[in-house]
Amino acid sequence: MCGIAGILPAVDEKLFKKGLDAIAHRGPDGFGIWKETDDSIMLGHRRLAILDLSDKGKQPMLLEKYVISFNGEIYNFIELKNELKQKGYHFLTESDTEVIVAAFDAWGHACLQKFNGMWAFAIWNRENKTLFISRDRFGKKPLFYSFTKAHFVFASEMKAITPFFKSINTSNDFGWCKENVFLYEATAKTLIEGISRFPAASYAYFNVGDTKINPIVFYNPLDFVQPTTLGYVAQVEKFRETFIDACAIRMRSDVPIGTALSGGLDSSAVISTIAYIDKHIKSERISHDWQHAFVACFEGSFLDERKYAKQVVDHLAIPATYLEIDPISGIEDLMNDLYYFEELYITSPIPMMRTYSAIKKQGVTVSIDGHGADEMMSGYGTDMLEALLDAGINVKAIADIIRTYRDYRNIPPADWTIKNSWNTYATTIGGKLPGTSSKAAFYLRSLVNIQQPRYRAHPALGYLNNVLYDLFHKSVLPTLLRNYDRYAMANGVEIRMPFMDHRLVEFAFSIPWSSKIKNGFTKSIIRDATAPFMPASIAWRKSKIGFNTPIVEWLKGPWKNYFLDHIASSNFLQCDLIDHKAVKQKVEKVIFNETATWAEGEEAWYAMQPYFWQQGFFNRIKAAQ
């Protein structure tokens with residue numbers, strides 16, 4: 001995990017280093033710059049040393065006719081290395097970087113299909129003067145690029161590209177991105193004019209002198225959707241087996257590893273499975289220094305989950321570090337956090353930034369976390385009613401979905417009647433079916449099971465899986481992956497995500513909705529697969545809180561004066577990215593209204609975001625030119 005940069009043709013090294021230094025936080029363990037003898041290209045790298053800590057692992061790495069700058073991890077590098085040795089390749093390092101180059105030499109861009117990992121890398125072929133760049137299947141590692149008047153430049157973050165601009169401006173897409181905060185990450189759109197986002201699951205060849213780049217998709221998850229014929233018990237076994245391996249290969253590290261533990265199902269499943277692997281599974285190169293659980297705490301807030309996390313660490317008999325998130329020190333560092341973050345989002349980055357900062361300070365460089373499970377297994381609960389379309393007129397299935405929904409919304413059975421169930425069913429499904437203008441019409445059409453098909457990403461996906469596919473690949477998850485890359489890498493920490501193993505993802509979209517919502521629970525297959533490793537109280541916990549900011553409490557308390565000072569400032573009034581009057585009203589509504597809701601708090605924060613983004617990020621990169 002590192003930061004990369006490159007430019008064709010080469011420029012003055014001091015200017016290039018200025019861009020590379022802007023992402024020094026991504027690689028605090030060293031840097032390297034390499035320039036081709038004919039000045040056709042310059043590559044740079046900021047190193048976060050995790051595999052092969054020796055100087056042999058430094059980058060850019062020169063290997064015969066290739067030079068590589070790589071950000072990420074290839075978790076199955078040992079297996080690939082053994083396969084390549086059978087083909088006659090020899091290796092000089094213990095790194096995964098060298099394996100990437102050998103794989104590319106052996107299989108060309110087809111090597112990407114063999115990688116299990118996360119990556120953004122550039123490989124320069126010194127013989128034919130061709131650059132090959134690629135980004136991983138799900139876009140876990142960032143990659144931006146730009147064409148200036150005389151150069152093609154790329155880097156892990158936008159701030160490493162802007163030193164090569166004559167002027168820096170917000171993009172024409174800024175307004176659209178602001179209104180579609182969960183959509184723009186999966187597009188080429190960015191917040192800075194002249195910078196584009198290289199797409200996930202893609203590669204491109206680039207030759208000196210080219211004036212455009214043509215990414216080619218190498219992976220489409222829909223190609224791997226094959227509705228399973230396995231029964232539920234066999235599905236659970238397959239999921240468990242794959243998840244164990246996904247965790248094991250992500251434990252490969254030459255530095256200590258840990259987990260950001262919330263006490264929710266997903267992060268608890270990860271650390272509990274790691275503990276199981278350490279005791280029962282032999283796997284090459286795994287770190288046995290994993291007993292580091294970090295729990296973000298919010299004293300007095302409903303967001304505080306330490307009591308659940310404590311149940312997990314007590315069950316595993318390991319220590320935990322409880323991190324009290326201080327809103328005062330957090331708000332003092334907000335502008336710096338936003339500089340590292342670069343993007344817009346609906347909530348404050350402060351708790352997440354402080355968590356990974358504390359993880360790093362405790363000597364842990366790799367955090368194996370639970371991201372990805374909610375989006376592929378209906379963990380948010382709000383999408384579960386889509387399964388009613390899959391259930392059709394199966395009364396038992398309908399009842400299970402309604403019960404799960406009721407429990408998720410924390411509605412007592414005594415307050416929920418059969419009429420509520422029918423109304424939920426009718427209004428949910430009726431609104432999806434063309435021509436269903438009344439409940440009576442809906443009931444009639446349900447009885448004869450005449451349903452108009454809606455758009456689906458793939459014919460094999462059911463209605464619930466179709467919605468989850470969108471969350472996973474196009475909206476929520478790409479945004480969260482971007483966010484957590486910034487939160488962690490701002491502090492020199494790498495996040496690994498077992499649930500994001502492409503084998504698990506493909507399997508998750510090949511199982512039916514009824515394997516995800518069952519017996520009153522969401523994410524059923526995860527619970528059944530990992531329950532043997534963790535406390536039952538956590539495996540079957542229904543409440544979901546989420547890692548967030550206690551925004552209303554903090555706006556009314558420790559952040560009150562900070563926000564009031566900003567909305568009264570000249571900088572605020574001069575900001576051309578916001579509606580000053582509307583933003584001011586939203587903020588004051590939360591601060592001075594005793595009954596302000598969570599939604600109003602988030603709305604107030606997000607209304608301020610473009611202004612804070614301008615102050616913390618945009619103005620700083622302009623000043624650095």
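Tutor: The answer below begins with confidence, turns to the salt bridges, and ends with the nonpolar cores.

This is a predicted model. The protein chain has an average pLDDT of 92, and 92% of the residues score at least 70. Over residues 433-437, however, the pLDDT is below 50, although this stretch has twelve contacts in the model beyond near neighbours in sequence. Residues 439-455 also stay under 50 in pLDDT, and for them the model has 35 contacts beyond four places in sequence.

In the whole structure, a search finds 46 salt bridges. One of them links Lys-35 and Asp-39, with 3.4 Å between the closest N and O atoms. Asp-39 counts as partly exposed, because its relative accessibility is 37%. Lys-35 has a relative accessible area of 42% and is likewise partly exposed.

Another salt bridge pairs Arg-354 with Asp-337, whose closest N and O atoms are 3.0 Å apart. Arg-354 belongs to helix α10 (residues 350-361) and Asp-337 to helix α9 (residues 334-341), so this pair ties together parts that are 17 residues apart in sequence. Asp-337 has a relative accessible area of 3% and is therefore buried.

A further salt bridge joins Lys-542 to Asp-407, and here the closest N and O atoms are 2.5 Å apart. Because Lys-542 lies in the loop between α20 (536-539) and α21 (551-556), while Asp-407 is in helix α13 (residues 395-408), the pair ties together parts that are 135 residues apart in sequence. Lys-542 is partly exposed, at a relative accessible area of 33%, and Asp-407 is partly exposed at 22%. Salt bridges with shared partners also form one network, whose members include Arg-26, Arg-135, Glu-157, Glu-342, Arg-482 and Asp-485.

The setting also includes nonpolar cores. The largest nonpolar core holds 188 residues, and those touching the most other members are Phe-115, Phe-121, Ile-192, Phe-239 and Phe-563. Helix α25 (residues 598-623) contributes the most to this core, giving eleven residues. Beyond its neighbours within four places in sequence, Phe-563 is in contact with Ile-331, Leu-555, Val-587, Ile-591, Trp-605, Met-608 and Phe-612. Another core, of 19 residues, lies apart from the largest one, and among its members are Ile-4, Trp-34, Ile-133 and Leu-143.

Methods
Residues numbered from 1 in each chain as written. Predicted model: local features only at pLDDT ≥ 70, side-chain atom pairs only at ≥ 80, totals over all residues. Heavy atoms only, no water. Core = buried A, V, L, I, M, F, W, Y, C linked by side-chain atoms within 4.5 Å. Buried < 20%, exposed > 50% of the residue type's maximum accessible area, 1.4 Å probe, protein only. Helix = DSSP H or I, 4+ residues; strand = E, 2+ residues; numbered from the N terminus. Contact = heavy atoms within 4.5 Å. pLDDT = per-residue confidence, 0-100. Salt bridge = Lys/Arg side-chain N within 4 Å of Asp/Glu carboxyl O.
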